[in-house]
Amino acid sequence: MAQTQLDTAFKMPKDRFNLFQGSNVRGEEVVKLLKYKKREVSQASGVGLNSIRYDVKMPQELEERLIEWATTINLVADFFKDVDKTILWFYTPNPLLGEQTPRDMIRIGRSKKLIKFIRNALSENKPR
């Protein structure tokens with residue numbers, strides 16, 4: 001599994017959405033959960049449209065982004081402890097994100113900003 005910025009800051013959260021199979025990301029499941037079309041995956045990952053695939057020949061850059069997205073989803077799910085609330089959070093405009101949905105933040109290539117936002121929120125909500 002490729003190391004992401006998330007790995008260094010947090011322990012790997014429980015895989016509440018079954019987005020990983022062993023150490024491999026289940027890319028199609030991540031994309032299905034976020035309801036992305038192939039073009040949106042290309043835009044969000046920076047991988048060419050014709051290179052989007054979810055098998056063993058998946059481009060490394062795409063795999064890294066999918067791991068990042070899946071881990072982000074599971075971090076939020078770990079906070080809420082509820083799958084439905086997690087999905088709702090990703091689809092609800094957030095005033096702290098400029099009224100964008102977290103799903104759209106990822107789609108337009110702003111996942112790093114979203115991750116920073118989540119990390120800050122999680123660290124502020126840790127029990128003392």
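Guide: Helices and strands here are DSSP runs, numbered from the N terminus, where a helix (H or I) has at least four residues and a strand (E) has at least two. This is a predicted model, in which local features need pLDDT of at least 70 and side-chain atom pairs count only at pLDDT 80 or more, while totals for chains, interfaces and linings use all residues. Residues are numbered from 1 along each chain as its sequence is written, and side-chain values use heavy atoms, with hydrogens and water left out.

Let us begin with helix α7, which covers residues 111-124 and in which Ser123 is found. Ser123 is partly exposed, with a relative accessible area of 41%, where buried means under 20%, exposed means over 50%, and partly exposed lies in between (1.4 Å probe, protein chains only). A polar atom of the side chain of Ser123 lies 2.9 Å from the backbone oxygen of Asn120; this is a polar contact, that is, a pair of N or O atoms within 3.5 Å, of which, within protein, one must be able to donate a hydrogen and the other to accept it, and residues adjacent in sequence count only if both atoms are side-chain atoms.

Ser111, which also belongs to helix α7, is buried, with a relative accessible area of 7%. Its side chain is joined to that of Glu68 by a polar contact of 3.0 Å. If we leave aside neighbours within four places in sequence, Ser111 is in contact with Glu68, Trp69, Met105 and Ile106, where contact means heavy atoms within 4.5 Å.

On the α3 side the contact is made by Val41, Ala44 and Ser45, and on the α4 side by Glu61, Leu62, Arg65 and Trp69.

In helix α6 we find Arg103, which counts as buried at 11% relative accessibility. The side chain of Arg103 has a polar atom 2.5 Å from the backbone oxygen of Leu34, and it also reaches the backbone oxygen of Lys35 at 2.8 Å. Apart from neighbours within four places in sequence, the residues in contact with Arg103 are Leu34, Lys35, Tyr36, Glu40, Phe90 and Tyr91.

Thr101 sits in the loop between α5 (83-91) and α6 (102-107), and it is buried, with a relative accessible area of 10%. Although Thr101 and Tyr91 are ten residues apart along the chain, their C-alpha atoms are separated by 5.4 Å. Not counting residues up to four places away in sequence, Thr101 touches Phe90, Tyr91, Thr92 and Pro93.
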